[in-house]
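Have the sequence and the 3D view at hand as you read.

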Amino acid sequence: MIVPLQNSMSPETSSPSWKLSFPHVVVATITSFLFGYHMGVVNEPLESISVDLGFSGNTLAEGLVVSMCLGGALVGSLFSGWVADGVGRRRAFQLCALPMIIGASISAMTKTFEGMLLGRLLVGTGMGLGPPVASLYVTEVSPAFVRGTYGSFIQIATCLGLIGALFIGIPVKEIAGWWRICFWISTIPAAILLVAMVFCAESPPWLYKRGRTEEAEAAFEKLLGGSHAQLALAELSKSDRGDDTDTVKISELLYGRHFKVVFIGSTLFALQQLSGINAVFYFSSTVFKSAGVPSTLANVFIGIANLTGSIIAMALMDKLGRKVLLLWSFFGMAISMALQAVAASSYIPGSGELYLSVGGMLLFVFNFALGAGPVPGLLLPEIFPSRIRAKAMAVCMSVHWVINFFVGLLFLRLLEKLGPQLLYTMFGTFCIMAVMFVKRNVVETKGKSLQEIEIALLPQD
């Protein structure tokens, strides 16, 4: 990863070592692991939870156990920008770990349906607060040349969380009350996050924005090494236009001079959700069941496709760049949706249809993980000026959660009313719209420092 000759070069021409910032990034991505874990934790155990808590057969109640998390996440993400700006990125991580520990403990101990909902709501709040702060922090503490690679860690950690939840859920049918253990286990990484953040560096741009210049330099030394710290600080002051002390009003994000970047960010997240990815995650086992594949095996396949795509994205993010990955990812997803729409039509004989629908679904998840999954969360903190970064991220993530909530809520209803062929065609159309949108509006940020990107994109007053 690093050229051996760099030692003899001046700091201006060499890149800082990636090894210094690596542990800080890994701790931050525990939030994404927890996010993935809690997304998947009720999938397998839902039946036994409903039997134990007495709401078996009530589909509305089962739906609430899943979507209560999404409601909490919307609340968490709405406030994430103000929390991250108000108390700093490190404290924000700790505030995200607390409701996850308390909520998971309530869910694990509860004897009632209401207790389960309260636990899920609290966990959801942490899930909403964590990912935007993780995206901010990873973007702000990473050296420019590995920022894309580090950004991909967020997606990989989410995949590992999902896969972890699936594996831990396997004994749920054999062992009575195992679902309680599934919730207890999640408190371990949350507690690690809470403690480990004490030893991590605070975000230098945040410290600098607060006027704590010496602390910002000390943080840069911790993250980039001594010789690069002054350079990074000098660059930070270049993009500081003296307006950082103003408070950011919501109106400025929605129709002020920053409207364009916030619009691009929100639209990217909206198209990411409208591509149907979460419908595929929520619904994959049913599709596989009709193809005669048991649900555990189906979930493992989906997990492997997701993880493989994410690892390839990590390798390519700083080589090909964000825009190329986004374009090919959405294009591949459109093709995969077309395959599934063809499989759902009546022209294909029996076994061909099964191969097409299962293959199309795995290809869709793989393509999603290549770009549409990891890129928006990395690209947006890069294109937002540091003054509005946290709050703009909160607005975009809230759009993501609202659409995620409605897709989860309406997918099965729409499938009944419209049939799979029309629904898959609609998802495919959104993917094509995403390709056109990315081509016209997204800028490449690969290898540039945050300050260079900010100066290039800032509206000239």
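Predicted model: local features only at pLDDT ≥ 70, side-chain atom pairs only at ≥ 80, totals over all residues.

Rolling a probe the size of a water molecule over the atoms shows where empty space is left. A search of the whole structure turns up four cavities of 30 Å³ or more. In the largest cavity there is about 670 Å³ of space.

Which residues lie nearest the centre of the largest cavity? They are Phe 35, Gln 155, Thr 158, Phe 281 and Phe 368, out of 36 residues that line it. By class, this lining divides into 18 nonpolar and 18 polar residues, with no charged ones.

Helix 7 gives the most to the lining of the largest cavity, namely eight residues.

**Two helix pairs**

Two packed helices are described by the angle between their axes and the distance between the axes.

| Helix pair | Angle between axes | Distance between axes |
|---|---|---|
| Helix 7 and helix 16 | about 165 degrees | 9 Å |
| Helix 6 and helix 19 | about 60 degrees | 9 Å |

Start with helix 7 and helix 16, which pack at about 165 degrees. An angle over 145 degrees counts as roughly antiparallel, so helix 7 is roughly antiparallel to helix 16. The crossing of this pair is left-handed. On the helix 7 side, the residues in contact include Ser 152, Phe 153, Gln 155, Ile 156 and Leu 160. Among their partners in helix 16 are Asn 299, Val 300, Gly 303, Asn 306 and Leu 307. The residues of this contact divide into 13 nonpolar, seven polar and no charged. Gln 155 has a part in both stories: this residue is one of those nearest the centre of the largest cavity, and it belongs to the helix 7 side of the contact with helix 16.

Now turn to helix 6 and helix 19, which pack at about 60 degrees. That angle makes helix 6 oblique to helix 19. Helix 6 passes helix 19 in a right-handed crossing. Ser 135, Leu 136 and Thr 139 in helix 6 meet Gly 377, Leu 378, Pro 381 and Glu 382 in helix 19. This contact has three nonpolar, three polar and one charged residues.

How values were computed: Residues numbered from 1 in each chain as written. Heavy atoms only, no water. 1 Å grid on protein atoms, 1.4 Å probe; cavity = no way out; pocket = protein on both sides within 12 Å on 5 of 7 lines; lining within 4 Å. Points joined across faces, edges and corners; volume = space filled by probe spheres on them. Helix = DSSP H or I, 4+ residues; strand = E, 2+ residues; numbered from the N terminus. Nonpolar A, V, L, I, M, F, W, Y, C, P; charged D, E, K, R; others polar. Axes fitted to C-alpha atoms, helices over the stretch in contact; angles between N-to-C directions. Parallel < 35°, antiparallel > 145°, perpendicular 65-115°, else oblique. Left-handed = near helix turned anticlockwise from the far one by under 90°. Contact = heavy atoms within 4.5 Å.
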